[in-house]
Amino acid sequence: MAQMRRPYRPALLWFALPPAAGVTVALAYAASGRLEAALARGPRALDLAVWLALLAALLIPPVYGYREASGLARTAERRADAAHREARRAAQERLDRLLAEKAQMDLILQHMADGILLLDERRRIVLVNPAAERMLGVSRHEALGRDHLEVTHHFELDERLARVLATGRPEALEIRRAHPQEQILEARLALAPSGGERGVLVMLRDITRSRQLEQMRTEFVANVTHELRTPLTSIQGFAETLLEGALDEPETARHFVEIMLRESRHLGALIDELLDLSRVESGKFRMQRRPTVPAELIAATAARFAQKAERAGVQLVTEAPDGLPLINGDPDRLVQVLSNLVENAIKYTPAGGRITLSARRDGDGVRIAVADTGAGIPQADLGRIFERFYRVDKARSRATGGTGLGLAIAKHIVEAHGGTIGVESEVGKGSTFTVILPALTGPE
Ligand SMILES: Nc1ncnc2c1ncn2[C@@H]1O[C@H](COP(=O)(O)OP(=O)(O)OP(=O)(O)O)[C@@H](O)[C@H]1O
Ligand SMILES: [Mg+2]
């Protein structure tokens, strides 16, 4: 209805105009007549008063209106100004708050250990944090704006991303990478808005280390079982053979019992080493540290192995100058470390060889070395011989009664002293194991 009435308004105005113009002309005509008459008559006070009143009536409303209007306009202007300032202040506050929140978000993203990727609907990277840069081996500017496949090279991830975009439901998967190093990433995907359109948030966690530890634990149990079973099977086998008749042949019986004794000793040594290892690894290993003279450690170890070396036909020599700094160490544990090194040296050095047990100053610490002229260790194995159960030649090592735990224990003990252990070796020429221990500092 309102819409229909609107077009008639101008028409009404046009209808009103001619009568209004007529009236105005008539009035003007009458007024001019009166004015002419008045002028002809000469001014009279009453006429003058009438004209002044008329003039006032004509002028006062517009002047008053103008003043009123300009006052109102000024007030409105002031109010608009205040409202504008208020709006600007509120907007500034909102902006400051947003900037502060963004700075917080940036800080969290910068320092979090988990990798974060934000992908748009076309699966292009729109955000990447430093952890994700590290995990994926790309820099921010290389990654931003690129298709994730160019960076992740992972087609299963691509399929899962499509699924998240299609269903809106979160997904999780494991990403295994072989380059530049072996790496296992756990990826969790969730739908996320990205700049007005839909996107996917990818959270990455590096689980390589925990997987390795899990695998090491499984391998350890398998190794221990194997190591315990081997001598046990041997003991059982010889005992059965003895019972089946070998007991009647004293020579054979004696030989078998000797083997059984050796195997059971081996079993006992293995159990002791396992206990030691579990103690050092769990940190429950109690060390009794006190100021220790390096030369005494060397003398004690050499004395322990003098006979064994002689029987093996190798020469065992010691070198320890006077005046070496004291070590804050547990002498029994340090002799245990050196004993394992000397025992290995004797095991792997053929008759006629030479083993040198020496100590000398090394910067602020003491360097103790066990050098032999034996079989040596291949370069490929050098990096692994401090691992539990690692033996270079398993068959030979078993024959010599080794379990591959000695060096792992030695490494733990040395590190518990704040020291380091290392090895240099050349096949056919010999090996040198070096233990560096910090000297005693502070009041003695
Ligand atoms: N001086 C050495 N010369 C050559 N090979 C060595 C020497 N010392 C150690 N190895 C190699 O390193 C391996 C690990 O040594 P480790 O002392 O840990 O074990 P093990 O002597 O075999 O057994 P365990 O000491 O537990 O009785 C040995 O099996 C051997 O292959
Ligand atoms: Mg050993």
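Visitor: Is F389 buried or exposed?

Guide: Burial is read from relative accessible area: under 20% is buried, over 50% exposed, and partly exposed lies in between, with a 1.4 Å probe and protein chains only. F389 has a relative accessible area of 5%, so F389 is buried. This is a predicted model, in which local features need pLDDT of at least 70, side-chain atom pairs count only at pLDDT 80 or more, and totals for chains, interfaces and linings use all residues. Residues are numbered from 1 along each chain as its sequence is written, chains are lettered from A and ligands numbered from 1 in the order in which they are written, and side-chain values use heavy atoms, with hydrogens and water left out.

Visitor: Where is F389 found?

Guide: Begin with how elements are assigned. Helices (H or I, at least four residues) and strands (E, at least two) are DSSP runs, numbered from the N terminus. F389 sits in the loop between α12 (379-382) and α13 (394-399).

Visitor: How do I read the metal site? Which residues coordinate the magnesium ion?

Guide: Look for donors: N, O and S atoms within 2.8 Å of the metal (3.2 Å for Na, K and Ca). Water is not among the atoms, so sites may look incomplete. Here N340 and N344 each use OD1 to coordinate the magnesium ion (ligand 2), at 2.2 to 2.4 Å. Both N340 and N344 are buried.

Visitor: How many residues apart are N340 and N344 in helix α11?

Guide: They are 4 residues apart in α11 (residues 331-347), so about one helical turn separates N340 from N344.

Visitor: Next, helix packing. At what angle do the axes of α10 and α11 cross?

Guide: Axes are lines fitted to C-alpha atoms, for helices over the stretch in contact, and angles run from 0 to 180 degrees between N-to-C directions. Helix α10 (residues 294-312) and α11 cross at roughly 25°, and their axes come within 9 Å. Therefore α10 is roughly parallel to α11. Angles under 35 degrees count as roughly parallel, over 145 as roughly antiparallel, 65 to 115 as roughly perpendicular and the rest as oblique.

Visitor: Is the crossing of α10 and α11 left-handed or right-handed?

Guide: Compare the near helix with the far one. Turned anticlockwise by less than a right angle, the crossing is left-handed; clockwise, right-handed. The α10 and α11 crossing is right-handed.

Visitor: Which residues of α10 and α11 meet?

Guide: Contact means heavy atoms within 4.5 Å. In α10, residues including L297, F305 and A312 meet a set in α11 that includes L334, L338 and I346. By class, this contact has 11 nonpolar, 2 polar and 3 charged residues. Ala, Val, Leu, Ile, Met, Phe, Trp, Tyr, Cys and Pro count as nonpolar, Asp, Glu, Lys and Arg as charged, and the others, Gly among them, as polar.

Visitor: How do α8 and α9 cross?

Guide: Helix α8 (residues 208-243) and α9 cross at roughly 160°, with axes that come within 9 Å. That makes α8 roughly antiparallel to α9. The contact of α8 with α9 has 19 nonpolar, 4 polar and 2 charged residues. α8 passes α9 in a left-handed crossing.

Visitor: And how do α9 and α14 pack?

Guide: Helix α9 (residues 250-282) packs on helix α14 (residues 406-416) at about 30°, with the axes 10 Å apart. So α9 is roughly parallel to α14. Here too the crossing of α9 past α14 is left-handed.

Visitor: Last, sequence against space. How far apart are T349 and A312?

Guide: They are 37 residues apart in sequence and 8.6 Å apart in space, C-alpha to C-alpha. T349 lies in the loop between α11 and β9 (354-362). T349 is buried, at 4% relative accessible area. Beyond its neighbours within four places in sequence, T349 contacts V314, R354, I355, D372, T373 and G374.
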